Amino acid sequence: MVSNRMIQSSLLFETVEEIYRRVYRELRPRAPLPAFAVEYRPFANVNSFIRANDGHIQVRMADLLEGAPAPVQEALAHILLGKLYRKPIADRYHHRYRLFLNRTDVRRKMLLLRQLRGRKQVTGPQGECYHLEEIFEDLNRRFFDGLLARPELSWSRTRSRTMLGHFDPAHNAIIISRLFDRPEVPRLLVDYIVYHEMLHLRHPVEHGRTRRSVHTRDFKEAERAFPRLGEARALLKTL
């Protein structure tokens, strides 16, 4: 009988390519075994890509994962190969991989990499109709006693309808979709979008062992304090 301890011990002596070959054989026991090439790249995020081509499988992942424990590499192999061949992925592999990414030391490294390698495209706070710095200072005075330090504020380059606004802690920046910088958009709606992103500055993401809470209880409570909240949300739906 093979124990879990023996399995974990054997993982320690496998190369990453050997892990991928073993997982591939588990998922596709009758298929010819392809050649694997695994490389680490200096990505700004913990991204991983897999591609199959003419009997070869190429795996590219962030160099932050180069020192990941073998069980984490095994979990990622199951996730990537499972997606590539549309195979069911056991929950334990997603769970294991999230546990690793939510480690405090890993999250700190991820934030540092985004600061060093990530590029933030900003166009500045001055729009055609609204000035984001003026709006920020007004909301800061009304709702935060003027105590929030002002991050970099910018309109997005395009009128995005999917990313209406976001706060980027790595670059300490609030970006608002240019969709709202139009004469027909009421100031109330712009105030609400900026206020929502300011709450991300005031109430940071909370991390559990496997989950991250973006909109915490304190965040939601503070959002309910926004005057005419229902009206603002109704206006948002009209877009």
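Glu26 and Arg22 sit 4 residues apart in helix 2 (residues 16–27), so about one helical turn separates them. Helices here are DSSP runs of H or I, at least four residues long, numbered from the N terminus. These two residues form a salt bridge, with 3.2 Å between the closest N and O atoms. The term means a side-chain nitrogen of Lys or Arg within 4 Å of a carboxyl oxygen of Asp or Glu. Both ends are partly exposed: Glu26 at 44% relative accessibility, Arg22 at 24%. Partly exposed lies between buried, under 20% relative accessible area, and exposed, over 50%, with a 1.4 Å probe and protein chains only.

A word on the source. This is a predicted model, where local features need pLDDT of at least 70, side-chain atom pairs count only at pLDDT 80 or more, and totals for chains, interfaces and linings use all residues. Residues are numbered from 1 along each chain as its sequence is written, and side-chain values use heavy atoms, leaving out hydrogens and water.

Next, Arg142 and Asp191, whose side chains make a salt bridge at 3.9 Å, N to O. This pair links distant parts of the chain, 49 residues apart: Arg142 is in helix 6 (residues 132–143) and Asp191 in helix 7 (residues 187–202). Arg142 is partly exposed at 43%, while Asp191 is buried at 8%.

Then there is Glu231, which bridges to Arg228 with the closest N and O atoms 2.9 Å apart. Glu231 is partly exposed, at 39% relative accessibility.

Salt bridges with shared partners also join Glu14, Arg22, Glu26, Glu74 and Arg96 into one network. How many salt bridges does the rule give? The count is 16.

Technical notes: Helix = DSSP H or I, 4+ residues; strand = E, 2+ residues; numbered from the N terminus.
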